[in-house]
Amino acid sequence: MPHIDVELDRLRNKLLEMWDLVEYQLSSGREAVVNGDKELAQRIIKLDRKVNNFDIKIDRMCENFFALFNPVAVDLRTVLAILKINTNLERVGDTAEGIARFACKLNHPLDPELIELTKVLVMYDEALAMFTECRTAFKEDDPKQAKALIKRDKTLNKIYRKSDAVITKYIKAHPDRIAESLALLSIIKKLERVGDQVTNMAEEIIFYREAKVVKHRRKKKKKE
Amino acid sequence: MTNSEKNRLKDKAFQVFGVFCTFIGLVVLAIFLIDIVIEGIARIDWDFLTSLPSRRAASAGILTAWAGTIWILILSALIAFPLGIAAGVYLEEYAKKTKLSNFLEINIANLAGVPSIIYGLLGLELFVRFMKLGGSLLAGALTLSLLILPIIIVTTREAIRAVPRTIRDGSFALGASKWQTVWYQVLPSSFGGILTGVILALSRAVGEAAPLIVIGALAYVPFVPSSPMDEFTVLPIQIFNWTSRPQAAFLTNAAAAIIILLLITFLLNGVAVYLRHRQQKKIKW
Amino acid sequence: MKKPSKLEAINLDAYYGDFHALKSINVAMEEKAVTAFIGPSGCGKSTFLRTFNRMNDYIDGFRIDGQILLDGRDIYANDVQVDELRKEVGMVFQKPNPFPKSIFENVVYGLRIQGIKDKKILQETCEKSLRQAAIWDEVKDKLDKSALALSGGQQQRLCIARALAIQPSVILMDEPASALDPISSAKIEELIYELKKDYTIVIVTHNMQQAGRVSDYTAFFYMGELVEYAKTKTMFTSPHDTRTQNYITGRFG
């Protein structure tokens, strides 16, 4: 295998490692929220430092790769994509940390009615699934899978858009549960962000595989 | 007439002049050759080549002369070849660029231009009298070797210089000594060039009469030399001798001998051209 | 885990007559790593490279002060035989310089001059070296053909095989790919990357991208001085000296 491919593989593997770590953060976050496991939440918060280290390390590796190999064409796009996905992953990590912080605040048990009404767990599962599939799409260089992901972001957005009304209604009915409701609303907002980040990452995958810029395209269509 | 038309005209004029100059030499040579051939070709037969010299023109042959020439040729080659190459290799590969080596270089180049009669006098003093070799083949060959040595040295150096520096570097870098580099790389690569130079030098030696006359080669030798210590004659001396006779028949003999001498010279030059051509085809740097 | 240094220059000065070509160079090169020398023409990098196998010895008026250590031993000491040194330190030149002989004879030349005549040893070494130089498959059927008939890139790999045949531990390369087309050049680079597993390699290059791709360490020379010596990564992302920065970014002068 040519030297450049060896180095590129190292870079990709490093990113996948980081991806695993963030995935663990995110999926544990769900557990912490559902079970009110504050210890787990603390652990998630602490993991953020590790994610940050990955972020710096991958930035550094990309910088070296540019400097030493002067990549062009697909190599260039791959490293650019890795650089951006790295940033997105770090954000998702931050988001997972944020969710964990709210999990600490939540008083348990959560009202099952609220969970049912807001569909927060449905949303969480969808976000997690998208996140995991995006990793597969990256690992297998599969732009088709990435394209499918972008469409799935709509489900998250739909739930998010309704959540304001749902929560308002719930608070009116249960004024004693305002704190809990607001925390849950924040978590929903964060999950919506996760969906956006995954979409961004999927767009990067399409960019480096097919050299097509897909981001910001939807908005243009709407304007027309 | 415009300037550029003038220029073109000048250009044309020079071309015509150039062609004239080129042909003038060739034409003179051709006339000379044709004259000689017409004069002498009829005289050449087997008897002419195998007969001893004689007082009577009709029965005189050139056996001793061409045998002497071949002897001289081989002996000179044997003497001058190793000496010339060794000196050339030394000057090119080993000698440091000092004032002494510069002095040597200039003088070797000068030696190549010294008139051959001077070499004859040197040979007479050194080989014939001092070394007591007499007017023998060996003395003649040694004298002619001195004459062609500078030419061989110069052509050897040129041939060696044509071997790229990178080949030597490659050999040295693999741990070869200077001698190994010269022996395995430089000489094989330049051998064609060296040989060409040696042959051209020999073909010059073949035509020399003056130095050999000076050291005492005889015009009349009634036997074919059988050892380097024998007395001898060579074709140019035989020719010189015949042309100085009053009888017309001897002039015909001389013309015939000239044809033989020219054949030997052309043959040597032909071999040299062939070797150079083969060398160029075999090795392209 | 720091590997021991294979080659080391201590306070090295070099002169061509009155010209001060290298000015008190101090550098230590790691074993089984690739070190690249970069710098503008005439900066002394080739001169420096050639001190490691004493190729400068034949140049009139060349002399050095200071020491060059190979495995801790001064190679300019009186008891060092140059031919022994060159068995240890092989060299590949800028222009491919195969001898006008067969491919086989080219590869075994180094052994022949050591007096090795055993056919079996010669053949085995020939195959092994050609394989190492990644050219065996291309030439195995024409070992008795002239090396001059090969393409430039093949000739250069043959020259590398020739250097490997005498089993050196260090290989010096003086712009080994600069006379080649990009594909041949890339092959040489891949080869260098493979060879560094077993050999200590020092390469002079004008091509900064090449230095980046193949080397672990880079030394930048300017006007006979060693301006900067660092890991290639560091050198190419955050050089310490402004002159280095200007040179590698192409803003020199």
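Visitor: Which residues of H4(B) and H6(B) meet?

Guide: In this predicted model, B:Ile108, B:Ala109 and B:Leu111 in H4(B) meet B:Pro150, B:Ile153 and B:Val154 in H6(B).

Visitor: What makes the residues of this contact nonpolar, polar or charged?

Guide: Ile, Ala, Leu, Pro and Val count as nonpolar. The contact of H4(B) with H6(B) accordingly divides into 6 nonpolar, no polar and no charged residues.

Visitor: In chain C, what is the order of the strands in the open sheet of 4 strands?

Guide: The order is E2-E1-E4-E5 (chain C), and the pairing is antiparallel.

Visitor: Why do E2 and E5 of chain C stand at the edges?

Guide: Strand E2 (19-30) and E5 of chain C each have a single partner strand, so one side of each is left without a neighbour in the sheet.

Visitor: What makes E1 and E2 of chain C a pair?

Guide: Pairing requires at least two bridges between the strands. Strand E1 (residues 5-16) of chain C is joined to E2(C) by 8 bridges, and the two run antiparallel; they therefore meet the requirement for a pair. Within this pairing, C:Leu12 stands opposite C:Ile25 in E2(C).

Visitor: How do you know which chains touch?

Guide: There are 2 pairs of chains in contact, and chains B and C share the most contacts. Residues count as in contact if their C-beta atoms lie within 7 Å. No contact joins chain A and chain B, and their closest C-alpha atoms lie 29 Å apart.

Visitor: How many residues does the contact take from chain A and from chain C?

Guide: The contact takes 8 residues from chain A and 9 residues from chain C. On the side of chain A, helix H2 (residues 38-69) of chain A gives the most, with 5 residues. By class, that side has 4 nonpolar, 3 polar and 1 charged residues.

Visitor: What is the predictor's confidence in chain C?

Guide: The mean pLDDT of chain C is 90, and 98% of its residues reach 70 or more.

Technical notes: Residues numbered from 1 in each chain as written. Chains lettered and ligands numbered in written order. Predicted model: local features only at pLDDT ≥ 70, side-chain atom pairs only at ≥ 80, totals over all residues. pLDDT = per-residue confidence, 0-100.
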